[in-house]
Amino acid sequence: MSTEPIRDEQKFITSLYARLDDLRDRAEAAVGEALQTPGTGSAQSRLERDIMVAEQSGLLAAFNAGETGLCFGRLVFRDGRDHHIGRIGLREDDPRRTPLVVDWRAEVARPFYLATGHEPMGLTRRRHITTRGREVVSLHDEVLDLADRSRSGHEGRDADEVLLAALDAARTGRMHDIVQTIQAEQDAIIRTPHRGVLVVEGGPGTGKTAVALHRAAYLLYAHREQLAKRAVLIVGPNPAFLGYIGNVLPSLGETGVLLATPGELYPGVRATGADTPRAASVKGDVRMAAALAEAVRDRQQVPERGAPLVVPHEDGDLVIDWDMALEARHKARETALPHNLARPYFAFRILDALAAQLADRIGADPYGGPNFLGPDDIALLAKGIAANPDVHAAIDDLWPELTPEDLLAGYLAEPTHLPEEDAAAIRRDGGPWTPGDVPLLDEAAELLGHDDSAARAAQEAERQRQVQYAQGVLDVSFASRTYEFEDKEELDEDASEVLSAHDIIDAERFAERQEEVDHRTAAERAAADRTWAFGHIIVDEAQELSAMQWRLLMRRSPTRSMTLVGDPAQTGDPAGVGAWDAILAPYVEDRWQHVRLGVNYRTPAEIMAVAAAVRRADDPSFEPPGSVRSTGVEPWDRTVEDPVKEAADAVAAEAGAEGRLAVIAPAELLPDLVAALPDASYGPKPDLTRPVVLLDPRQAKGLEFDTVLVVDPDCIRAGAPHGTNDLYVALTRATQRLGIVRRA
Ligand SMILES: Nc1ncnc2c1ncn2[C@@H]1O[C@H](COP(=O)(O)OP(=O)(O)OP(=O)(O)O)[C@@H](O)[C@H]1O
């Protein structure tokens, strides 16, 4: 094999890293210097410093991302163009800012993923460059122009060599990016326009999660202006899963993303409790929205007929009777405002009616003539009534100001507007919030509303102030703009991919951005704000979400810019909605796009055959996605008296093998397995980087391991409403070996 091309690429890549080091040193020095500069203390100097720190920190994150696999490809075009492709784009430090390496997301990089012998897209040659650290270890060339007779000596026999090597590699317990080997069907999804709802469906291991994460990175690149400001939300099923995928976006240089489980989407509440499957299913049902709305109406009371509220007052008792309260309630409800916002309307109506009542009593002409009191007298009476705390207490009794937490805690203690068996399933007095409560709190917050007019006025005043001095800073920022990055849009001179203050055309928008750099990132602000509207939402394992969780998520995406990925055949949550049209029809009717991924990149054919047989028992027509690999290693299947001991022995036999092993067992077997496997990591957030991990089937969702032992599959299947799906998930987690231990 010729070493010259490797030497040439090595030379190039060494120079690329030198450039990266230089840029990183400069960014680090700039941040360090700015943070140490005391500044003059003026708002203007603080602002300048913050802009600088934010910009340079963003660059630093991207430079650090470039450290591993900085450049992994090269495209040689028939017209003489020759581009290296990398994780980030870099330019030469010369007056022409010559591109050194092109970001994988740029349009010019697309043939790297799409070109075929049939459709070469102008390429003569595509090269995959594999590096270890900063060293080039191999090249893999594909000749796409049959007229090109030149040979490098690195032409591969198998076009999928690089992909298969990636799929065969031992797992580390952390998901890795796939920028080097994105497949054409995946590339099309990653680059689909971001407006509207895109549903990506595919069986286990078809790359749904990988595609979703790369799509987030792509969208942030292509629409940085819009999306960095509003942040991208990625919702995943559990904390272990979020830990598993957590490195992918930083490795692509992206940090403006909020990762959360559905239970973390109500700011200020940590859902540490757990629901029974039955309670989860009741709480997830859309009927809860109507039940809570009724529960709020129940808190808008009127006195019993014939039993009015009597409030002592200095000018005589005040009487709030059925008629008066009913009229006030009707008027308040007519506003169609949420409960707390409609409350002042109720209160004013009652105060007015009481003033009229008192005026009638005091100023009435015993002979039926007009009231003796003039408008000023009546106003005075009204003032006295409005100042009476007992009147307010009475109004509070009838129409109390409520917090979502109070309302829901009260509701759960005595659930109403539900059939008794459902009410019994969720009845709870006290205790921690559960993930199923989170969308109910959000629903309650919507129904109650929050009177934040004072806070909003203060915010607007602050924004105006920022707009004023932001105007002056735009020029400063323009003078110090960064040029190092390659440009997007076909290397167009004016379209720098890194957002700088000078890219923002007016001071008003600049000030908005400044709010972010001033204090927290957009993702942090979004996490703390229940009413935040995200630029884009990605939901992984979307089939698991309940109708109530969808209501919450849709509120966070008023523009309905969403990517939903999932597989209805893997639904495990008893409240999971499963079918896409049922999920989406209430929000977008049929205006959503549906795409499928059909190739399984994870599970070898031998293992997939076993998993598919489980599903076929229920559904003979079931067709799993085709596996891209087969390993020749058949799964083993043993039936024993003591499955725990058998599992422990099997784990011991695997000790020392490369990669990660997971034991997946029904929740009730976990305590015994913990005792038998003292080195295994387990619990609500197991450490997936450890050699052996112990999980229940629901925790295994979305994860993968080199070796998987499934213990007591019959119990997994029988133990939950979607037990077959749980077992299917468990059986499809292995990249190399599967063992099944059955109870005799
Ligand atoms: N183009 C690709 N190149 C390299 N690896 C890939 C590619 N596509 C997918 N993979 C790998 O295949 C495995 C499965 O991908 P992923 O976890 O995204 O699948 P999934 O569809 O979300 O699976 P599940 O529904 O079972 O959770 C991962 O290791 C992923 O990195």
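This is a predicted model: local features need pLDDT of at least 70, side-chain atom pairs count only at pLDDT 80 or more; totals for chains, interfaces and linings use all residues.
The chain holds 29 helices and 21 strands. Of its 744 residues, 43% are buried. As for how the chain folds back on itself, take the contacts between residues at least 6 apart in sequence: 74% of these join residues at least 24 apart.

Let's begin with a sheet. Six strands make it up, running in the order E3-E4-E2-E1-E5-E6, and the sheet is open with mixed pairing. Which strands stand at the edges? They are E3 (90-91) and E6 (135-143), and each has a single partner strand, so one side of each is left without a neighbour in the sheet. In general, the strands of a sheet pair through backbone hydrogen bonds, either parallel or antiparallel. If you want a spot to look at, find Leu-75 and its bridge partner in E2, His-83.

E5 and E6 are antiparallel as well, paired over eight bridges. Across this pairing, Arg-127 sits opposite Asp-141 in E6. The two strands E5 and E6 form a hairpin with two residues between them, and in that turn Gly-133 takes a positive phi of about 60°.

Met-121 has 16 other C-beta atoms within 10 Å, so it counts as partly exposed. Arg-560 is another non-glycine with a positive phi, at about 55°. Its loop lies between helix H23 (547-555) and strand E13 (562-566). Arg-560 is partly exposed because 15 other C-beta atoms lie within 10 Å of its own.

The largest nonpolar core has 153 residues, and Ala-216, Val-232 and Val-663 are the ones with the most contacts inside it. Helix H6 gives the most to this core, ten residues in total. Val-663 is a handy place to look around: leaving aside neighbours within four places in sequence, its contacts include Ala-647, Val-651, Leu-673, Leu-677 and Ala-680. Val-692, Leu-694, Leu-709 and Val-711 are also in contact with Val-663. There is a second, separate core too, with 22 residues, among them Ala-332, Leu-351, Leu-358 and Ile-385.

Helix H6 comes up again at the ligand. Both H6 and helix H4 (161-168) supply at least two residues each to the shell around the ligand. Which of the 23 residues around the ligand come nearest? Those are Pro-204, Gly-207, Lys-208, Thr-209 and Tyr-601. Sorted by class, the shell has eight nonpolar, eleven polar and four charged residues. The UniProt record, an unreviewed entry, places a "binding site" feature at Gly-202, Gly-203, Pro-204, Gly-205, Thr-206, Gly-207, Lys-208 and Thr-209.

Is Gly-205 buried or exposed? With 28 other C-beta atoms within 10 Å, Gly-205 is buried. Gly-207 has 24 C-beta neighbours inside 10 Å, so it counts as buried too. Once neighbours within four places in sequence are set aside, Gly-205 is in contact with Asn-600, Tyr-601, Arg-602, Thr-603 and Thr-732. On the same terms, Gly-207 is in contact with Gln-186, Leu-597 and Tyr-601.

Last stop: Ala-425, in helix H17 (residues 420-426). Ala-425 has 20 C-beta neighbours inside 10 Å and therefore counts as buried, given that the cut-off for buried is 20 or more. Not counting residues up to four places away in sequence, Ala-425 touches Thr-276, Arg-278, Ala-279 and Val-282. Ala-425 and Pro-415 are ten residues apart along the chain, and their C-alpha atoms are separated by 9.6 Å.

Definitions and conventions. Residues are numbered from 1 along each chain as its sequence is written. UniProt positions are given in the numbering used here, feature names are shortened, and annotations may be inferred rather than shown by experiment. A residue is buried if 20 or more other C-beta atoms lie within 10 Å of its own, exposed if 12 or fewer, and partly exposed in between; C-beta atoms are placed from the backbone. Two residues are in contact if their C-beta atoms, placed from the backbone, lie within 7 Å. A residue is near a molecule or strand if its C-beta atom, placed from the backbone, lies within 6 Å of it. Helices (H or I, at least four residues) and strands (E, at least two) are DSSP runs, numbered from the N terminus. Ala, Val, Leu, Ile, Met, Phe, Trp, Tyr, Cys and Pro count as nonpolar, Asp, Glu, Lys and Arg as charged, and the others, Gly among them, as polar. A nonpolar core is a set of buried Ala, Val, Leu, Ile, Met, Phe, Trp, Tyr and Cys residues joined through C-beta atoms within 7 Å. Two strands pair if DSSP finds at least two bridges between them.
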